[in-house]
Amino acid sequence: ALAESEKELGIDISDEAIAAMRANLDTLDLARAAELEKKLRHDVMAHVHHFGEVAPAARPYIHLGATSAYVTDNTELLQHREALLLVRQRLIAAIAALADFAREYRDLPTLGYTHFQPAQPTTVGKRACLWLQDFVLDVEEIEHRLSTLRFRGVRGTTGTEASFVELFDGDGAKVDELNRRIAAKLGFERLYGVTGQTYTRKSDYAFLATLAGLATSASKYAHD
């Protein structure tokens, strides 16, 4: 996606190089990559060199402007999104099952507790609604995280975009357009306004906080 978008914006990348990259997207020799990593002492560069071996026509273009963080950090944000989508799907299935349980036992009496001490009667269905309410709040939290998740983009080594500005002969507007196109190709509508080498780790905190909140809900359900 990066090479194709760069070509569309005016960088001279051959059709042969793009065809070679497309033809070898799934060509992966982990043993060879491990061998290269021992030599280069860099995991991403090992795969860059390996890709250059299987797609030699693309070798001069594979690493144009892109850094390791472009690969790893943007991939991590993709993983955040896919993980949240998977958790949301499973959580909604759990909510549906619990809703059936709550309806079935809506009138079954049980003893309620406060501070782990016997208190007043309630129903099993009402208890299940407490679990359900927390899980619904977790779905809302996941929806919020998904709607506010941003892409890092093609920011260069330290986030200044200097390497891409150089590639585009000083045309910063083309760099902005490249960022927009890459993000769109990977399903993101929003990007961080500024980054360093990496995206802000506040995103990691928010992701983990969301999962921790769900774990809290699940632990209450398991305890009951």
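Let me begin with helix α2, residues 15–23, in which Ala 17, Ile 18, Ala 20 and Met 21 are buried. Buried here means under 20% relative accessible area, exposed means over 50%, and partly exposed lies in between, with a 1.4 Å probe and protein chains only. Helices are DSSP runs of H or I with at least four residues, strands are runs of E with at least two, and both are numbered from the N terminus. Seen down the axis of α2, the buried residues fall within an arc of 160°, so they line one face of the helix; the arc is that of the directions from the helix axis to the C-beta atoms. On the other side of α2, Asp 15, Glu 16, Arg 22 and Ala 23 are exposed.

What covers the buried face? The cover of the buried residues of α2 includes α1 (2–8) and α4 (43–54). Contact, in this talk, means heavy atoms within 4.5 Å. Met 21, leaving aside neighbours within four places in sequence, is in contact with Ala 3, Phe 51, Ala 55, Ala 58 and Ile 62.

A word on the model itself. This is a predicted model, in which local features need pLDDT of at least 70 and side-chain atom pairs count only at pLDDT 80 or more, while totals for chains, interfaces and linings use all residues. Residues are numbered from 1 along each chain as its sequence is written, and side-chain values use heavy atoms, with hydrogens and water left out.

I turn to the protein as a whole. The secondary structure comes to nine helices and two strands, and from the N terminus on the elements run α-α-α-α-α-β-β-α-α-α-α. The C-alpha atoms fill a box of roughly 75 × 40 × 30 Å, taken along the principal axes. The radius of gyration of the protein is 25 Å, whereas a compact globule of 224 residues would have one near 17 Å. That radius is taken over C-alpha atoms, and the globule rule is 2.2 Å times the number of residues to the power 0.38. Of the 224 residues, 35% are buried. Among contacts with a separation of 6 or more, 68% are between residues 24 or more positions apart.

Next, the nonpolar cores. A nonpolar core is a set of buried Ala, Val, Leu, Ile, Met, Phe, Trp, Tyr and Cys residues joined through side-chain atoms within 4.5 Å. In soluble globular proteins, nonpolar side chains tend to be buried together. Which residues have the most contacts inside the largest core? They are Leu 2, Met 21, Leu 178 and Phe 188, in a core of 31 residues. The elements that give two or more residues to this core are α1, α2, α4, α5 (68–104) and α8. A second, separate core has 15 residues, including Leu 84, Leu 98, Ala 102 and Phe 207.

Helix α8, residues 172–185, also holds Asn 179. Asn 179 counts as buried, at 4% relative accessibility. Not counting residues up to four places away in sequence, Asn 179 touches Arg 152, Gly 153, Val 154, Arg 155, Glu 161 and Leu 191.

Glu 161 lies in the loop between α6 (124–148) and α7 (162–167). Is Glu 161 buried or exposed? Glu 161 is buried, with a relative accessible area of 12%. Phi of Glu 161 is near 65°, a positive value in a residue other than glycine.

His 115 also has a positive phi, near 55°. His 115 lies in the loop between β1 (109–114) and β2 (117–123) and counts as exposed, at 75% relative accessibility.

I close with the aromatic residues. Rings of Phe, Tyr and Trp (its six-membered ring) pair if their centres lie within 6.5 Å; planes under 30 degrees apart count as stacked, over 60 as edge-to-face and the rest as tilted. The structure holds three aromatic pairs. One of them, Phe 101 with Tyr 105, is tilted, at 4.9 Å centre to centre and 50° between the planes. Phe 101 is partly exposed at 29%, and Tyr 105 is partly exposed at 30%. Phe 101, Tyr 105 and Trp 131 form one aromatic cluster.

Finally, Arg 201 lies over the face of Tyr 199, at 4.4 Å from the ring centre. A charge sits over a ring if NZ of Lys or CZ of Arg is within 6 Å of the ring centre and within 35 degrees of the ring normal.
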